[in-house]
Amino acid sequence: MTLITPSKTRLAQLAQLSAKIFNNIYNPTGERTGNKILRKRLIGSTIAGWYPNRIITLRKITDTFPGMKLVNQEEKLRLEEIAKRKKRGKGAPKKGQGKRASLGTKKQK
């Protein structure tokens with residue numbers, strides 16, 4: 001008894017029918033489809049749940065309602081400290097006047 005091997009087209013039809021029956025993707029060329037990633041469970045809600053809910057701050061309230069003229073005491077103190085430091089010459093340098101900028105001028109001379 002001799003066994004006859006099926007033709008390539010018949011095997012392709014069989015693979016296509018098998019994919020249809022078992023709810024798989026028929027991909028005869030073996031190209032990457034991204035199907036493995038698309039089948040994974042979505043994790044966006046889990047990641048979003050990790051971070052706390054947004055907290056209402058005084059800054060948001062003052063930006064939303066500028067007519068209320070609320071004052072953030074912490075910000076006011078910070079600005080006063082910066083002004084005091086600048087008076088003593090301890091403030092941040094102007095843009096382009098820092099250590100790195102002065103190093104470049106020394107090398108060029």
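The dialogue below treats helices, backbone angles and surface patches in turn.

Guide: This is a predicted model, in which local features need pLDDT of at least 70, side-chain atom pairs count only at pLDDT 80 or more, and totals for chains, interfaces and linings use all residues. Residues are numbered from 1 along each chain as its sequence is written, and side-chain values use heavy atoms, with hydrogens and water left out.

Visitor: What span does helix α1 reach from its first C-alpha to its last?

Guide: Helices are DSSP runs of H or I with at least four residues, numbered from the N terminus. The expected span is 1.5 Å times one less than the number of residues. Helix α1 covers residues 8-21, 14 residues in total, and reaches 20 Å, close to the 20 Å expected.

Visitor: Which residue with a positive phi follows α1?

Guide: Most residues other than glycine have a negative phi. Asparagine 23, which follows α1, has a positive phi near 55 degrees. Asparagine 23 belongs to the loop between α1 and α2 (35-39). Lysine 69 likewise has a positive phi, about 55 degrees, although it is not a glycine; Lysine 69 lies in the loop between α4 (58-64) and α5.

Visitor: Is asparagine 23 buried or exposed?

Guide: Buried means under 20% relative accessible area, exposed over 50%, and partly exposed in between, with a 1.4 Å probe and protein chains only. Asparagine 23 counts as exposed because its relative accessibility is 70%. Lysine 69 is exposed as well, with a relative accessible area of 71%.

Visitor: Which residues make the nonpolar surface patch?

Guide: Patches are made of residues with over 30% relative accessible area and no salt bridge; nonpolar side chains (Val, Leu, Ile, Met, Phe, Trp, Tyr) are joined within 5 Å, and like charges within 9 Å. Accessible areas come from the Shrake-Rupley method with a 1.4 Å probe, and a salt bridge is a side-chain nitrogen of Lys or Arg within 4 Å of a carboxyl oxygen of Asp or Glu. Here Ile43, Ile47, Trp50 and Tyr51 make a nonpolar patch of about 520 Å². Isoleucine 47 lies in helix α3 (residues 44-50) and is partly exposed, at 47%.

Visitor: Which residues form the positive surface patch?

Guide: Lys and Arg count as positive, and the place of a charge is taken as NZ of Lys or CZ of Arg. The patch consists of Lys84, Arg85, Arg88 and Lys90. Of these, lysine 84 is found in helix α5 (residues 73-88).

Technical notes:
Helices (H or I, at least four residues) and strands (E, at least two) are DSSP runs, numbered from the N terminus.
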